[in-house]
Each structure stands twice: as C-alpha cells, then as structure tokens.
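User: Hi! Could you walk me through this model? I'd like to ask things as they come up.

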Amino acid sequence: MIKDKVSLVSGIILILFSILIYYESSQLSPFGSVFPLAITTALLILSLILIFRSFKFEIKVVNQNISLIKIPLLVTTFFAWIYFIERTGFILTSLIAFNLLIIINSENKILLKTVIFYMLTGSFFIILLYIGFKNLLLVPLPEGLWFRN
Amino acid sequence: MTNIFTDFLSSLSLINLGLAFSGVLAGIIIGALPGLSATMAVAILVPFTFALEPSSGLIVLGAIYTGAIFGGSWSAILINTPGTPSAVATTFDGYPLAKKGDGDLAMSISCISSFIGGIIGVICLALFAPPLASISLMFGPTEYFWLAVLGLTLISTLAEGDNIKSLIGACLGLLLSMVGVAVVGGDMRMTWNISFLNSGIEIVSAMIGLFCIPVILDLTSMKGKHLNESETPKSLRLKESFFLVFSKKFQAVRGALIGTFIGILPGAGGSIASIVSYGEAKRSSKNKDNFGKGEPEGLIASETANNATVGGGFIPTLCLGIPGTPPDAVILGALLVQGIRTGDTLFTQQSSIVYTFIFGLFLATIMLLPLGLLMGRYAYKSIIKIPREILIPIIIFLTIIGSYSIQNNILNVYFMFFFGLIGWILNRAGFKASPIVLGLVLGQIAEQGFVQSYIIGNAQENIIANYFAKPISIVLVILILMGLFLPTLKKIYNKKRRNLNDQR
C-alpha cells in the first residue's frame with residue numbers, strides 16, 4: 001500500500017533521470033566519467049530508498065495553497081519581462097512588467113489611488129536602480145531596439 | 001614593535017578611515033542584493049584602488065569584502081535568499097526568526113556575530129598567519145574531497161525536512177556542477193548541444209532562482225502579512241541581542257575558529273565554514289529541536305563562521321600566494337598589480353603594508369558593528385513596511401538585474417527563471433534548495449579531489465588506502481559517518497528507551 005505518493009513519483013522520476021545521466025556519463029573518458037558515475041549511482045540508491053520508504057510511511061510536506069489565477073499570471077509576466085528585455089530595452093520592459101505585477105498582486109479591496117501610488121514609487125525605484133547599475137556598477141543593461149544609439 | 005605601532009597609526013589616517021567606512025558601506029549594500037556577490041563587489045572596485053597607496057587600496061578591498069559577506073545575511077534573513085553563497089546556513093534560522101516577528105533581533109544578532117567572527121579572523125591573521133598557512137598545505141585532493149562531502153552531508157542532515165530528500169538534493173547539485181567542461185579530463189558533459197552550457201551552470205543565477213522564486217510564488221499566494229512585526233518595533237533590541245550572543249560566547253568563538261580554519265583552506269570558503277559551524281552548534285546544543293525554526297544559536301554559528309573566513313582566507317593569500325576564497329583571488333591580483341610579492345618574506349620585507357592592511361581590516365570590522373546595526377534596522381523596517389503588492393515586483397526586479405549583471409548575459413536570467421520554477425516544484429515535493437545549491441558550489445572541489453585521488457591511488461595501486469588511510473581523511477570520514485547516522489541512531493535509541501520505560 002502506497003503511503004507517500006509524492007515520494008514514490010519523485011523516486012521514479014529520479015531513477016529515470018539517473019539512468020539517463022548514467023548512460024550519458026558512460027560515453028565519456030575514464031577521468032570525465034568517474035565522478036558522474038559515482039554520483040548517479042548514489043542518486044539511484046537514494047531514489048530506491050525513497051521509493052521503498054514511500055510504502056512504509058509518509059513524511060508530510062507542509063505547502064502553502066496555490067493561487068490558481070495569480071501564479072500563472074505572475075509566471076507569464078515574469079517570463080515576458082525576461083523575453084522582452086533585449087527587444088524593447090531594460091527600462092521600458094521593466095516599467096511595464098513591474099507595474100503589471102503590481103496590478104496582478106493587488107487585492108480587490110485596495111483603492112485605485114493606492115495602486116497608482118505604488119506604481120509611481122515602483123517606477124521611481126526602477127529608474128534609480130537602473131541608473132545605479134548602469135553608471136556606478138557599469139553594468140551594460142540592454143537598451144533595446146528602439147533606444148539604441 | 002615600534003614599527004607595528006607606526007603601521008597602526010598609519011591605518012588610522014583620515015583617508016584610510018574614510019576608505020574603510022565607505023568600503024564597508026558599499027560592501028553591505030552590494031552583498032545584500034541577491035546576485036551581487038562579494039567577489040563581484042571586490043572585482044568591480046579593484047580598478048579604483050590602483051590610484052591609491054597599496055595599503056589604502058588593500059584596506060578598501062578588505063572592507064568591501066567584510067561588508068559584502070555580512071550584507072549577504074540581510075537578504076537571507078528578510079527574503080530567505082542568501083545574498084552570497086556563504087549565507088546559505090543563515091536562511092535556516094534567520095528567515096524563520098523574521099517570519100515569527102523577530103527579524104530585528106535576527107538582524108542585530110547577525111551583525112554582532114559577524115563582528116565577532118570578523119575580529120577573531122583578523123586577530124588570527126595578525127598573530128598566527130605564517131604557522132597557520134602551513135595547515136593549508138596538509139590538505140591534498142583526498143582531504144578536499146572529504147571536506148566537500150562533509151559539507152554536503154552536514155547540510156543534508158541539518159536542514160529542516162527530510163534527510164533522504166536532502167541527500168538527493170545534494171546529489172542533484174553535484175550533477176549540476178558537472179555540466180560543461182570536466183575539471184579533470186576536459187570532457188564536455190551534459191551540455192545537450194547548448195553552447196552556453198559549455199562554461200557550466202552559473203552558481204549565483206541558479207542560487208537566486210532556487211531560493212528567490214519559490215519565495216515569490218509563495219508570497220503571491222499568501223494571505224495576510226509577509227513578515228510579522230516585532231512587538232517592540234521602536235528598539236534595536238540591542239540589549240537582547242548582545243545578551244543572546246554573550247550567553248553563547250563559547251559557541252560564537254567556536255564558530256569563528258571554525259570559520260578561520262576553513263577559510264585557510266584554499267577554495268573551501270564561507271559556504272562550507274558556515275555549514276560546518278552550524279552543524280557543530282546543533283550537535284552540541286541543548287535546543288537541538290529548535291534549530292531550523294528560528295534558533296538564535298544557529299544564526300550565531302553561521303554568521304561568526306562566514307565572517308571569520310575573511311581573515312582566515314587572507315592567511316594563505318598573503319603567506320603562500322594561494323587565495324583562500326574567490327574574493328581573495330581578486331585581491332591577490334590587485335596585490336600583484338601594486339607590485340607586492342606574497343610569500344614568507346611579505347611579513348618581514350614589506351611588513352608595513354601588510355600590517356597597515358591588517359589594522360585597516362580590523363577597523364573595517366569594528367565599523368561593521370554600528371553601520372550594520374543601524375542599516376539593518378532600517379532594512380528590516382523597510383521590508384516590513386513595504387506592501388506585498390510592491391515587494392513582489394521589487395524582488396523579481398532584483399532577481400532579473402542581479403542575474404543579468406553576473407556576466408551581462410540574458411541567458412543567465414533565463415537560467416535563473418528555469419531553476420526557480422524547478423526549485424518551486426521540488427520545494428513542494430519536499431526537496432529543499434540549500435543542499436542543491438551547496439552541491440553546485442562544492443561540486444568542482446569534490447570532483448577535482450575525487451578524480452585526482454583516484455588517479456594517485458591508481459598509480460600507487462591502492463585506491464582504497466588513498467581515500468581512507470590518511471589521518472585527516474580518517475577524521476573527516478568519521479565526522480561524515482557521525483553526521484549521517486548519529487541522528488538516526490539516537491532516535492532509535494531514544495525510541496527503544498521510551499518503549500522500555502513504558503513497559504515498566
């Protein structure tokens with residue numbers, strides 16, 4: 001009887017992963033393969049222990065509830081932020097994505113005035129850090145296609 | 001003696017004091033930002049030091065380094081993301097303390113502990129540098145391998161949660177560290193034809209992703225306050241913090257000595273030091289069960305050790321020309337540019353530069369205390385006051401800008417994002433981020449030691465003896481076995497004793 005489904009599934013995935021890496025490592029030279037082979041063997045043994053243990057008892061993992069609306073929206077915006085940085089430039093992408101994230105994370109009860117205040121403060125923070133990174137730390141942040149000299 | 005006194009006075013010049021102050025300040029800010037490591041902080045500012053006197057240049061670099069190592073604890077405490085890899089163990093008890101509403105206490109304890117660790121490290125550097133440097137030469141490839149394994153087993157058995165899953169996490173971290181060119185043999189491994197992976201996985205971007213993104217996603221789903229407020233919000237809780245650290249003075253000194261000792265070993269660095277110190281503190285503590293739930297003793301152990309590595313790391317750097325930690329390597333480069341030759345003769349022929357530098361480092365560590373306490377207080381207050389609606393975009397912005405600035409490459413940001421999502425899924429399945437990150441950090445040291453020992457053992461036709469028959473290796477293997485099995489054996493013993501008592 002399975003008592004810990006998460007551990008069982010994790011164990012099976014890890015065994016498949018170990019076999020894949022073991023196979024890949026076995027194609028390498030003796031010096032390049034000795035350590036990966038040792039570690040994948042250890043991973044394989046630990047995964048088997050995990051599977052074996054999942055039939056005996058469960059170690060509960062306390063997780064927070066997931067917001068099914070906010071998390072996909074946040075992940076998509078986060079990815080879009082990264083994707084567009086080199087295309088539309090760091091500052092413009094950051095300003096748009098930052099303010100979008102404020103809206104996504106705002107609770108219904110928050111006044112529009114407050115949200116606008118957050119957006120203005122956030123935009124100021126972004127510009128300040130952008131200047132700091134670009135001019136003081138000399139990080140060449142992407143300018144984007146539109147603002148390129 | 002007169003010369004040393006003159007060096008001390010010269011370190012007290014207005015310029016040196018100002019440089020130490022601004023170095024600590026800049027270091028704290030840079031170290032607190034996830035993605036900007038102590039190495040980067042030092043590297044960015046090296047060119048500015050070329051215009052200064054050699055000793056002043058060294059003072060500013062040492063001060064930045066000291067500040068950055070301490071600054072790494074801020075983000076570890078406030079947003080569960082170590083600013084530098086050496087602050088990984090600080091997240092274990094720092095963040096739970098902040099969540100409970102004792103973030104101000106955690107910030108003050110971290111500052112006082114960093115100060116103690118830093119001072120003891122510098123004292124060891126000033127008094128015992130040449131004899132201590134010889135210790136680092138006693139560590140060969142096998143000893144480095146076992147030291148890395150010790151760090152990994154300790155983090156796996158000490159971090160909150162499931163030990164088997166933590167050990168699996170450590171193995172995953174080690175496998176991640178193997179991506180790219182093999183340290184011995186030069187094979188191209190696990191790159192899946194992605195050219196960006198040829199140089200391996202960037203540790204800092206993986207660390208930001210694995211620690212930060214699960215926190216962001218949890219904050220998004222969370223209802224109510226992200227951190228509880230302290231019941232005494234207007235005080236620095238200085239008295240309480242000093243009392244707590246003072247009541248654990250022995251543990252603090254022990255943490256600092258562990259940090260100094262591990263700092264001496266080239267390449268080992270603050271991440272192993274803080275984990276070993278944390279492990280030792282937990283092992284010997286009366287409050288073992290509170291570790292990982294916001295135990296100040298855990299925070300003291302981690303922070304004294306990682307700041308002590310600053311002084312410890314300079315010992316092999318100055319005496320042998322072998323950098324103890326990555327920032328030391330950058331500082332060593334700056335020393336060579338300034339025309340200073342490291343080695344035994346440095347303490348005799350160019351003693352004025354060395355002692356002015358050591359005193360400067362000492363002063364910088366002293367400045368860390370008031371600066372860290374004041375700034376830490378405001379950082380904590382700001383994090384508490386910032387509404388979640390704006391805090392989440394700020395953290396995301398910092399993760400992006402931080403991982404981009406590592407190599408000025410957008411692919412690092414993609415990797416950070418990818419690792420973050422994987423880390424979140426793993427976290428929900430009970431696999432914690434800290435063993436994976438430590439595996440990634442220690443992977444190269446472990447592999448190099450393992451393969452080199454294998455080659456030496458093979459040449460001597462006795463592989464087993466090469467791994468297990470050296471005195472330091474034996475001690476390390478015993479510690480590893482104790483770390484792995486002692487907690488389980490103790491549990492079984494206690495259970496049996498309880499059963500026997502029940503039967504009576």
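Predicted model: local features only at pLDDT ≥ 70, side-chain atom pairs only at ≥ 80, totals over all residues.

User: Is Trp192(B) exposed or buried?
Analyst: Trp192(B) counts as exposed, because it has 7 C-beta neighbours inside 10 Å.

User: And what about the phi of Trp192(B)?
Analyst: Trp192(B) is not a glycine, yet its phi is positive, at about 50°. For background, most residues other than glycine have a negative phi.

User: Which other residue has a positive phi without being glycine?
Analyst: Glu461(B) is one, with phi near 55°. Glu461(B) belongs to the loop between α18 and α19 (463-468) of chain B. Glu461(B) has 8 C-beta neighbours inside 10 Å, so it is classed as exposed.

User: You mentioned α8 and α18. At what angle do the axes of those two helices of chain B cross?
Analyst: Helix α8 (residues 203-221) and helix α18 (residues 433-459) of chain B cross at roughly 175°, and their axes come within 10 Å. That angle is why α8(B) is described as roughly antiparallel to α18(B).

User: Which residues make that contact?
Analyst: From α8(B) there are Ile203(B), Ala206(B), Met207(B), Leu210(B) and Phe211(B). On the α18(B) side you'll find Ala433(B), Ile436(B), Val437(B), Leu440(B) and Val441(B).

User: Nice. Zooming out, how many helices and strands are there in chain B?
Analyst: Chain B has 20 helices and 2 strands. Its radius of gyration is 22 Å, close to the 23 Å that the globule rule gives for 504 residues, so chain B is as compact as a globular protein of that length. The C-alpha trace of chain B spans about 75 × 65 × 60 Å along its principal axes.

User: How much of chain B is buried?
Analyst: Of the 504 residues in chain B, 60% are buried. As for contacts in chain B with a separation of 6 or more, 79% are between residues 24 or more positions apart.

User: Now chain A. How many helices and strands does chain A have?
Analyst: Chain A has 6 helices and 0 strands. Its radius of gyration is 24 Å, whereas a compact globule of 149 residues would be near 15 Å. Buried residues come to 26% of the 149 in chain A.

User: What domains is chain A divided into?
Analyst: Domain 1 covers 5-56 and domain 2 covers 70-147. The C-alpha centres of domain 1 and domain 2 of chain A are 41 Å apart.

User: How many residues does each chain put into the contact between A and B?
Analyst: Chain A contributes 53 residues and chain B contributes 44 residues. On the side of chain A that touches chain B, at least two residues each come from α1 (5-26), α2 (30-56), α3 (70-88), α4 (90-105) and α5 (112-136). The most come from α2(A), with 13 residues.

User: And what classes of residue make up the side of chain A that touches chain B?
Analyst: That side of chain A has 36 nonpolar, 13 polar and 4 charged residues.

User: Which residues does Asn408(B) touch?
Analyst: Leaving out residues up to four places away in sequence, Asn408(B) touches Val139(A) and Pro140(A). Asn408(B) sits in the loop between α16 (388-407) and α17 (410-428) of chain B. Asn408(B) counts as exposed because 12 other C-beta atoms are within 10 Å.

User: Last one: where is Arg283(B) found?
Analyst: Arg283(B) is in helix α11 (residues 269-284) of chain B. Arg283(B) has 15 C-beta neighbours inside 10 Å, so it counts as partly exposed.

Terms used
Residues numbered from 1 in each chain as written. Chains lettered and ligands numbered in written order. Axes fitted to C-alpha atoms, helices over the stretch in contact; angles between N-to-C directions. Helix = DSSP H or I, 4+ residues; strand = E, 2+ residues; numbered from the N terminus. Parallel < 35°, antiparallel > 145°, perpendicular 65-115°, else oblique. Contact = placed C-beta atoms within 7 Å. Rg over C-alpha atoms; globule rule 2.2 N^0.38 Å. Buried ≥ 20, exposed ≤ 12 C-beta atoms within 10 Å, placed from the backbone. Nonpolar A, V, L, I, M, F, W, Y, C, P; charged D, E, K, R; others polar. Domains from an automatic or database assignment.
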